[in-house]
Amino acid sequence: MAKSLEKMSLEELQAHQRDVEATIKGYEKKRRSECLAELKAVAKKHGFTLDDFTGGKPASKSGPKGVAKYANPADTSQTWTGRGRQPNWIKSALAAGKSLEEFAI
């Protein structure tokens with residue numbers, strides 16, 4: 001019979017947690033693979049490929065990173081591509097009357 005969780009040491013519980021997390025990831029990977037195969041089969045049945053619907057591009061969690069165009073003179077590790085939300089240091093400087101060109105790299 002399995003050892004009671006309350007009687008396990010911290011190290012045993014952490015090892016058990018890692019095992020459970022690995023099992024869950026494996027399960028999710030298997031389900032995703034099965035789903036993909038099913039989607040490909042349905043598309044093929046109708047005379048298409050899955051790439052016809054996805055543009056042949058794999059799904060990604062984030063888009064390509066842009067090249068930084070602006071840098072904070074006070075901290076050059078803070079950069080901005082000029083796309084998306086303006087960082088607070090840009091907003092503050094613009095509110096103080098500075099121009100965006102002053103931060104160009």
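# A first look at this predicted protein

Tryptophan 89 and phenylalanine 103 are both buried, where buried means under 20% relative accessible area, exposed means over 50%, and partly exposed lies in between (1.4 Å probe, protein chains only). Welcome to the structure: this is a predicted model, in which local features need pLDDT of at least 70, side-chain atom pairs count only at pLDDT 80 or more, and totals for chains, interfaces and linings use all residues. Residues are numbered from 1 along each chain as its sequence is written, and side-chain values use heavy atoms, with hydrogens and water left out.

**Overall layout**

- The protein has 3 helices and 2 strands; these are DSSP runs numbered from the N terminus, with helices (H or I) of at least four residues and strands (E) of at least two.
- Along the sequence, their order is α-α-β-β-α.
- Of the 105 residues in the protein, 11% are buried.
- Among contacts in the protein with a separation of 6 or more, 22% join residues 24 or more positions apart, a contact being heavy atoms within 4.5 Å.

**The first helix and what follows**

- Helix H1 covers residues 10-45, which is 36 residues, and reaches 52 Å from its first C-alpha to its last, close to the 52 Å expected at 1.5 Å a residue; the expected span is 1.5 Å times one less than the number of residues.
- Leucine 36 sits in helix H1 and is partly exposed, with a relative accessible area of 39%.
- After H1 comes glycine 47, which has a positive phi, near 85°.

**The two strands**

- S1 and strand S2 (residues 75-80) pair in the antiparallel sense over 3 bridges; strands pair if DSSP finds at least two bridges between them.
- A hairpin of 2 residues links S1 to S2.
- Asparagine 72 belongs to strand S1 (residues 70-72) and stands opposite aspartate 75 in S2.
- Asparagine 72 is buried, at 11% relative accessible area, and touches Gln78 and Trp89, leaving aside residues up to four places away in sequence.
- Valine 67, in the loop between helix H2 (51-54) and S1, counts as exposed at 67% relative accessibility.

**The core and its aromatic rings**

- In soluble globular proteins, nonpolar side chains tend to be buried together.
- Here the largest nonpolar core has 6 residues: Tyr70, Trp80, Trp89, Ile90, Ala93 and Phe103; such a core is a set of buried Ala, Val, Leu, Ile, Met, Phe, Trp, Tyr and Cys residues joined through side-chain atoms within 4.5 Å.
- H3 gives the most to this core, with 3 residues.
- The whole structure holds 3 aromatic pairs, meaning rings of Phe, Tyr and Trp (its six-membered ring) with centres within 6.5 Å; planes under 30 degrees apart count as stacked, over 60 as edge-to-face and the rest as tilted.
- The rings of tryptophan 89 and phenylalanine 103 have centres 5.8 Å apart and planes at 65°, so this pair is edge-to-face.
- Because tryptophan 89 lies in helix H3 (residues 88-95) and phenylalanine 103 in the segment after H3, the pair ties together parts that are 14 residues apart in sequence.
- Phenylalanine 103 also touches other residues, including Lys69, Ala71, Pro73 and Lys98, not counting residues up to four places away in sequence.
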